[in-house]
Amino acid sequence: LVADTLNGLVAFIVPGPDAYSVHQDVSTLEPGGIDANTTPALIYGLNLAGLAPPPFDTLSELVAYILNNVALAVNPAPIGPFTAPFANLKFSEKVSAFYAMEGGLAGAEVVPLAGVLPVLTAFTAYSEAGVFDPFTRALVATPVGWTISNYGGVSDGHDDLKGYFQSRKKVDG
């Protein structure tokens, strides 16, 4: 349920051609957050914080619980192929869910979560986290964020930035 809920969130923030994006009626032909393998990295990052109050074991469980309960307030019977109510919402309903959270309608305690969750999700989707192998400390594929943003990859410098202009030996003050 946690992964299913957060897949719905990832598709909401960075849509792609995946089933979650298609179901929410906002999708793209280019790869999106699901293709970037964002959900496992997002779950890991949330759980690393270790801030889950009882009865939750992890922060990702608490986040999924909040998103699903707000989803049911927006649409008491969302129809869709997924187990998580939030994942079954249409895009406009997900907007309404975040509107309720940001406006304090879902409780003042979730307002900060509504502000940070989209940023954290987008950052993770566009980062290398989904293709980074922590054991080899290397990328195992080209990150989807690089593809989406047309990033050319790391650079070791450019010839025109090496040395002084016109062979000067110092910079005059």
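T5 lies in helix α1, where helices (H or I, at least four residues) are DSSP runs numbered from the N terminus. The model is predicted, so local features need pLDDT of at least 70 and side-chain atom pairs count only at pLDDT 80 or more, while totals for chains, interfaces and linings use all residues. Residues are numbered from 1 along each chain as its sequence is written, and side-chain values use heavy atoms, with hydrogens and water left out.

- T5 counts as buried because its relative accessibility is 0%; buried means under 20% relative accessible area, exposed over 50%, and partly exposed in between (1.4 Å probe, protein chains only).
- Leaving aside neighbours within four places in sequence, T5 is in contact with A64, L67, N68, A84 and F86, contact being heavy atoms within 4.5 Å.
- The end C-alpha atoms of α1 are 17 Å apart, which agrees with the 16 Å that its 12 residues should span at 1.5 Å a residue; the expected span is 1.5 Å times one less than the number of residues.
- Since 9 of its 12 residues are buried, α1 is largely enclosed by the rest of the structure.
- Those buried residues are D4, T5, L6, N7, G8, L9, V10, A11 and F12, and they pack against α2 (19-23), α3, α4, α5, α6 and α7.

**Nonpolar cores**

- A nonpolar core is a set of buried Ala, Val, Leu, Ile, Met, Phe, Trp, Tyr and Cys residues joined through side-chain atoms within 4.5 Å.
- The largest such core has 25 residues, and those with the most contacts inside it are L6, L9, V63, L67, F86, F98 and M101.
- At least two residues of this core come from each of α1 (2-13), α3 (38-49), α4 (59-74), α6 (91-102) and α7 (111-126), with α4 giving the most, 7 residues.
- Beyond its neighbours within four places in sequence, F86 is in contact with T5, G8, L9, L67, N68, A71, K94, A97 and F98.
- A second, separate core of 5 residues includes Y20, F82, A84 and A87.

**Helix α6**

- Helix α6 has 12 residues and reaches 16 Å from its first C-alpha to its last, close to the 16 Å expected at 1.5 Å a residue.
- Its buried residues are E93, K94, A97, F98, A100 and M101.
- Seen down the axis of α6, these buried residues fall within an arc of 155°, so they line one face of the helix; the arc is that of the directions from the helix axis to the C-beta atoms.
- An α-helix has 3.6 residues a turn, so residues three or four places apart point the same way.
- The face of α6 turned away from its buried side carries the exposed residues S92 and Y99.
- Cover for the buried residues of α6 includes α1, α4, α5 (85-88) and α7.
- After α6 comes G104, whose phi is positive, near 80°.

**N88 in helix α5**

- N88 lies in helix α5 and is buried, with a relative accessible area of 5%.
- Apart from neighbours within four places in sequence, N88 is in contact with H23, P78, I79, G80, P81 and F82.
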